[in-house]
Amino acid sequence: MNQKRMPLVEALTKFAESDPVSFHVPGHKHGALDGSGLLQNLGRYDATELTSLDDLHSPEGPIKESMELLKSHYQSRSSYFLVNGTTVGNITMLLGTCDPGDIVLIASNSHKSIINACALSRVRPVFLQPEIHPATHTPAGISSDVLEKAVKQYSNVKALVITYPTYYGHTYPIDALIETAHKKGILVLVDEAHGAHLTLGRPFPPSALRLGADMVVQSAHKTLPAMTMGSYLHIGSDRVDQRKVESILSMLQSSSPSYPIMASLDSARAYLAAFSQEDINSFISKRNSFVNKLRKLPTVTVIEPEDPLKLVLRVNGYTGYELQKLLERYSIYIELADLLQVLMILPLLQENVSYDDSFSRMIMAMDQITDQTPVAGDIFPDYITLQEQESITELDLELNRAENAPSHWINIKKAAGRIAAESIVPYPPGIPFVIAGERLSENKINQLAAWKGKGIRIQGENRIDSGEIKVVQVMEESND
């Protein structure tokens, strides 16, 4: 197929150039009613399901052709545009393949949308603890040994859900996990949110889709030039019921999908498909030059994950949160911070695209920051102790029940052995550290207590800085 074509972009452009008169939604009337000025250009392309523009929920024209091009590029059995982000794709994977009560193995570094998908699908999640990456001290992949142990421990497992690559850009031998799962008749569902670009070949890692995963969801907006909320869903094998998946998507996705988001997905696929070996060589050259300049700065540590689009930076004497705030004084914004480091996502630059000014500003800012670096010290020696946890665990109380059970706040230091009444989700990246229904271990309690005053951003209601945590109220307490 001609991957240079962008059928939906072409249809929207032709439509906008026809000087259309709007007596239909959306209410901004092709940007004519625009108090802010933001919609004057974009509004011309923010259309609806008109005769020439097709319908995402029953595609027959340019949307169908665009998704056929997507399928061809990713070599899937079928591919779909998602306008509600990878979140809707993750929920669709579980609802589209599992029934209530099915046992599903979940890598415990999964995004909160996977946990929500478990609640919605009423499956029985069994959590597998990933290994810790020695460079970034972040959860990486689950080992083949842990998967083998889980498969022996639980019969009739329906699916395995894993994140690949990790949000920090780490990969692991996912092909071995897929092979083990398939031998046992287990579906492999992959949250590949940060891997939409993994069709490029070396030095980029391979996509889980090409390694045999049954379903894969990708956030095109994270690493490709697509609009926020634009994602792809791929079916990789005939083990998945395509009609059921499409039915679930039709229920979950907006009945008024954004045409700008869909057009950007069409354009992002064409951008990726056109990325040549010369573009790859140019990108790697620009990246290496940037990395080398960072490495020359005193007190700076640069970690290069397996995905070349990711870089991890540390500065002696600063937590990642402190470094993030310092960079923002220079109007430089990174993807996320943790107590040890910050994570950067680099642009996937074609040969003729320059990012030199942005790279230079980052070098200048880091140079000035390191000039003021305090005496290096031990940032947080107990930050990562996850390897001490059990490799295979289940919730002590079903997620839905835990969130709706009577609960109260108690001192964190007294919470070991109690059941969490709410999930604790540092954001970004949105991976739950504690899941509602989980029995709190001494290890996790110690880590939560150590978070106090560290500036960790947590979604939802929390009292970490006050030294409190919400737990399920036990019967004796409810009677008092």
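In the predicted model described here, K310 stands opposite I345 of strand β11, a pairing that belongs to the contact between strand β9 (residues 310-315) and strand β11 (residues 342-345), which run antiparallel and are joined by 4 bridges. These two strands form part of an open sheet of 4 strands, whose order is β8-β9-β11-β10 and whose pairing is antiparallel. At the edges of this sheet are β8 (300-303) and β10 (336-337), each of which pairs on one side only. Helix α13 (residues 356-371) packs on the sheet, where it touches β8, β9 and β11, and its direction makes about 20 degrees with that of β9.

A second open sheet consists of 8 strands in the order β1-β7-β6-β5-β4-β2-β3-β12, and its pairing is mixed. The edge strands in this case are β1 (78-82) and β12 (392-394), each pairing on one side only, and neighbouring strands of the sheet are turned against each other by 20 degrees on average when direction is ignored. Strand β3 (residues 124-128) pairs with β12 in the antiparallel sense over 3 bridges, and within this pairing the bridge partner of L128 is I392 of β12. In general, strands of a sheet pair through backbone hydrogen bonds, which may be arranged in parallel or antiparallel fashion.

When neighbours within four places in sequence are left aside, the residues in contact with L128 include L105, I142, V146, L160 and I392.

Helix α9 (residues 242-252) lies across β1, β6 (215-218) and β7 (231-235), and it runs at about 5 degrees to β1. In this helix V245, I248 and L249 are buried; seen down the axis of α9, the buried residues fall within an arc of 100 degrees, so they line one face of the helix. An α-helix has 3.6 residues a turn, so residues three or four places apart point the same way. The elements that cover the buried residues of α9 include β1, α4 (85-97), β6 and β7, whereas the face turned away from the buried side carries the exposed residues R243 and M251. At the start of α9, a side-chain oxygen of D241 reaches to within 3.1 Å of the backbone nitrogen of R243.

Leaving aside neighbours within four places in sequence, T223 is in contact with H194, A196, H197, L309 and L348. One of these, H197, is joined to T223 by a polar contact of 3.1 Å between the side chains, while the C-alpha atoms of T223 and L348, 125 residues apart along the chain, are separated by 7.1 Å. E10, by contrast, has its place in helix α1 (residues 7-17) and counts as partly exposed because its relative accessibility is 35%. The C-alpha atoms of E10 and A263 are separated by 9.0 Å, although the two residues are 253 residues apart along the chain.

Notes: Residues numbered from 1 in each chain as written. Predicted model: local features only at pLDDT ≥ 70, side-chain atom pairs only at ≥ 80, totals over all residues. Heavy atoms only, no water. Contact = heavy atoms within 4.5 Å. Pairing = 2+ DSSP bridges. Axes fitted to C-alpha atoms, helices over the stretch in contact; angles between N-to-C directions. Buried < 20%, exposed > 50% of the residue type's maximum accessible area, 1.4 Å probe, protein only. Arc of directions from axis to C-beta. Polar contact = N/O pair within 3.5 Å; in protein donor to acceptor, adjacent residues only side chain to side chain.
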